[in-house]
Amino acid sequence: MSSMKRPRLQAVQAHPSFTLKLTFVNGQVFDLDLNNDIKHYPGLNPLRDAEAFAGAAIGDAGWTVEWPELDIQIGADTLYLDALERGTTYLVTSAVTSAVAHRAPTNRARWATCVKKLKSPVS
């Protein structure tokens, strides 16, 4: 798994289930469910509207996810730490994906970590 000094986003995609698909510059990909956050934090209440939530975009050159029309920003580092803490839907690194595709031997501990976090197939 590539390490990052500070997590930075490469891509973000909002799903109707109030989940963000986050792709970081080191190749890690997470699905992060924001349902509880949107209900719990008053500052995120405008995101309860599915159409508004769908307006998620990368801001500040990958350092945030933002909803410009609503003036809401969430830092990439916050999203990254939440995704790691919650053991989100999937975590696949390009190194492991490449090793599997080429049937190359991998570090067992590293593979076990990725498999443990893998809860559904990557589409």
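This is a predicted model: local features need pLDDT of at least 70, side-chain atom pairs count only at pLDDT 80 or more; totals for chains, interfaces and linings use all residues.

Trainee: Okay. How many helices and strands are there in the chain?
Mentor: The chain has five helices and six strands. Reading along the sequence you get β-β-β-α-α-β-β-β-α-α-α.

Trainee: Let's take the E1-E2-E3 sheet. Which way does the pairing go?
Mentor: It's antiparallel, and the sheet is an open one of three strands. Strand E1 (9-15) and strand E3 (29-33) are the edges; each has a single partner strand, so one side of each has no neighbour in the sheet. From one strand to the next, the twist averages 20°.

Trainee: And how many bridges join E2 to E3?
Mentor: Five bridges, with E2 covering residues 19-24 and the two strands running antiparallel. To find your way in the viewer, look for lysine 21, whose bridge partner in E3 is aspartate 31.

Trainee: What lies across that sheet?
Mentor: Helix H3, residues 76-86, lies across E1, E2 and E3, and runs at about 85° to E3. H3 also lies across E5 and E6, at about 60° to E6.

Trainee: So what do E4, E5 and E6 form?
Mentor: An open sheet of three strands in the order E4-E5-E6, with antiparallel pairing. E4 and E6 are the edge strands there, each pairing on one side only. The twist in this sheet averages 35° from one strand to the next.

Trainee: How many bridges for E5 and E6?
Mentor: Four, in the antiparallel sense. In that pairing, threonine 64 stands opposite glycine 75 in E6.

Trainee: Tell me about threonine 64, then. Buried or exposed?
Mentor: Buried, with a relative accessible area of 15%; the cut-off for buried is under 20%. Threonine 64 sits in strand E5, residues 64-67. Apart from its neighbours within four places in sequence, threonine 64 touches Leu9, Ala57, Ile58, Gly59, Ile74, Gly75 and Ala76.

Trainee: Switching topic: which residues have the most contacts inside the largest nonpolar core?
Mentor: Those are Leu20, Leu22, Phe53, Val65 and Trp67, in a core of 22 residues. At least two core residues come from each of E1, E2, E3, E5, strand E6 (72-75) and H3. H3 gives the most, with four residues.

Trainee: What is leucine 20 in contact with?
Mentor: Setting aside neighbours within four places in sequence, the contacts of leucine 20 include Val12, Phe30, Leu32, Phe53, Val65 and Trp67.

Trainee: I keep seeing rings in there. How many aromatic pairs does the count come to?
Mentor: Five aromatic pairs. In one of them, phenylalanine 24 and phenylalanine 30 have ring centres 5.9 Å apart and planes at 80°, so that pair is edge-to-face. Both phenylalanine 24 and phenylalanine 30 are buried.

Trainee: What about the rings of phenylalanine 24 and tyrosine 80?
Mentor: That pair is edge-to-face too, because the planes are at 75°, with the centres 5.1 Å apart. Phenylalanine 24 is in strand E2 and tyrosine 80 in helix H3, so the pair ties together parts that are 56 residues apart in sequence. Phenylalanine 24 counts as buried at 0% relative accessibility, and tyrosine 80 counts as buried at 13%.

Trainee: Which residues do ring pairs link into a cluster?
Mentor: Phe18, Phe53 and Trp67. Phenylalanine 18 is in the loop between E1 and E2, and it has a phi near 60°, which is positive for a residue other than glycine.

Trainee: Last one: what share of the chain counts as buried?
Mentor: Of its 123 residues, 33%. The chain exposes about 7500 Å², and carbon and sulfur atoms supply 52% of that.

Notes: Residues are numbered from 1 along each chain as its sequence is written. Side-chain values use heavy atoms; hydrogens and water are left out. Two strands pair if DSSP finds at least two bridges between them. Axes are lines fitted to C-alpha atoms, for helices over the stretch in contact, and angles run from 0 to 180 degrees between N-to-C directions. Contact means heavy atoms within 4.5 Å. Buried means under 20% relative accessible area, exposed over 50%, partly exposed in between (1.4 Å probe, protein chains only). Accessible areas come from the Shrake-Rupley method with a 1.4 Å probe; for residues, only the protein chains shown count as cover. A nonpolar core is a set of buried Ala, Val, Leu, Ile, Met, Phe, Trp, Tyr and Cys residues joined through side-chain atoms within 4.5 Å. Rings of Phe, Tyr and Trp (its six-membered ring) pair if their centres lie within 6.5 Å; planes under 30 degrees apart count as stacked, over 60 as edge-to-face and the rest as tilted.
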